[in-house]
Amino acid sequence: MKQQANLIRAGQVIEHDGRRWTVLKQQIITPGKGGAFIQVEMRDLKTGNKTNERWRTADSVERLMTEDKEYLYSYTDGESLVLMDPETFEQRMIPVDLLGDQAPFIQDNMTINLHLVEGDPVGVDLPPHVTLEVVEADPVVKGQTASSSYKPAKLSNGVKTMVPPFVEAGERIVVRTEDGSYVERAKD
């Protein structure tokens, strides 16, 4: 399906130069002189190579339609994730690289939304939030204002994030899987 270049969004799959690419980032740039263009960072689905491409906003690109299917995460086997179809109980292996920076946030029996193009996995969506335990948290520095001060903390999955001063080691917190940022204390 053809679409204008200015409608490209992260997560979409496009065909360019005879190869399939998944869009990682996009930015519309409006220079002071001349027409606007879109800068797109994308990854080749076969080789995993990244590239940047520029199009004028009026150019058209071929967008591939993706089918979404839910799977349950079972376990990691080397460089692959083993997912189970909850309806047929069939297992499917996908590369860990498909998750990118979200890989540390995967948890046992987590429901994962897998994007497929003609049966091939091209992208993964994790739930927007996960609950993790804080294993290390720096002590509070007296004199800092509570409204804007955050302190570094290490989570049980190894990711470092910034948390409010009242969060201590051993507490469970909710974080965003997109960027690992603090949301709130866990309510469990």
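Helices (H or I, at least four residues) and strands (E, at least two) are DSSP runs, numbered from the N terminus. Isoleucine 106, for example, has its place in the loop between E9 and strand E10 (111–117). This is a predicted model, in which local features need pLDDT of at least 70 and side-chain atom pairs count only at pLDDT 80 or more, while totals for chains, interfaces and linings use all residues. Residues are numbered from 1 along each chain as its sequence is written, and side-chain values use heavy atoms, with hydrogens and water left out.

**Annotated span**

- An unreviewed UniProt entry lists residues 68–122 as "domain: Translation elongation factor P/YeiP central"; UniProt positions are given in the numbering used here, feature names are shortened, and annotations may be inferred rather than shown by experiment.
- In the model, residues 68–122 are 0% helix and 55% strand, and the end C-alpha atoms of the span lie 10 Å apart.

**Salt bridges**

- The structure has 11 salt bridges, each defined as a side-chain nitrogen of Lys or Arg within 4 Å of a carboxyl oxygen of Asp or Glu.
- One of them pairs lysine 69 with aspartate 85, at 3.0 Å from N to O. Lysine 69 belongs to strand E7 (residues 67–77) and aspartate 85 to the loop between strand E8 (80–84) and strand E9 (91–95), so this pair ties together parts that are 16 residues apart in sequence.
- Aspartate 85 is buried, at 7% relative accessibility; buried means under 20% relative accessible area, exposed over 50%, and partly exposed in between (1.4 Å probe, protein chains only).
- Another joins the side chains of lysine 151 and glutamate 168, at 3.7 Å from N to O. Lysine 151 is in strand E13 (residues 151–155) and glutamate 168 is in the loop between strand E14 (160–163) and strand E15 (172–176), so the pair ties together parts that are 17 residues apart in sequence.
- Lysine 151 counts as buried at 6% relative accessibility, whereas glutamate 168 counts as partly exposed at 38%.
- Arginine 56 and aspartate 59 also form a salt bridge, at 3.2 Å from N to O; arginine 56 is exposed, with a relative accessible area of 57%.
- Arg20, Glu118 and Asp120 are linked in a network of salt bridges.

**Rings**

- There are zero aromatic pairs in the structure. Rings of Phe, Tyr and Trp (its six-membered ring) pair if their centres lie within 6.5 Å, with planes under 30 degrees apart counted as stacked, over 60 as edge-to-face and the rest as tilted.
- The charged end of lysine 69 sits over the ring of tyrosine 71, 5.7 Å from its centre. The criterion is NZ of Lys or CZ of Arg within 6 Å of the ring centre and within 35 degrees of the ring normal.

**Buried residues and their contacts**

- Histidine 16, in strand E2 (residues 13–16), is buried at 16% relative accessibility.
- Not counting residues up to four places away in sequence, histidine 16 touches Trp21, Met42, Glu53 and Trp55; contact means heavy atoms within 4.5 Å.
- Glutamine 12 has its place in the loop between strand E1 (2–4) and E2 and is buried at 12% relative accessibility.
- The side chain of glutamine 12 makes a polar contact of 3.1 Å with the side chain of glutamine 3 and reaches the backbone nitrogen of arginine 9 at 3.2 Å. A polar contact is a pair of N or O atoms within 3.5 Å; within protein, one must be able to donate a hydrogen and the other to accept it, and residues adjacent in sequence count only if both atoms are side-chain atoms.
- Beyond four places in sequence, the contacts of glutamine 12 include Trp21, Val23 and Arg63.
- Isoleucine 106 is buried, with a relative accessible area of 16%, and touches Tyr73, Leu81, Leu99, Ile112 and Leu126, not counting residues up to four places away in sequence.

**Positive phi**

- Most residues other than glycine have a negative phi.
- Aspartate 17 has a positive phi, near 55°. Aspartate 17 is in the loop between E2 and strand E3 (19–29), is exposed at 66% relative accessibility, and has a side-chain polar contact of 3.3 Å with histidine 16.
- Glutamate 118 has a positive phi of about 50° although it is not a glycine. Glutamate 118 lies in the loop between E10 and strand E11 (120–125) and is exposed, with a relative accessible area of 69%.
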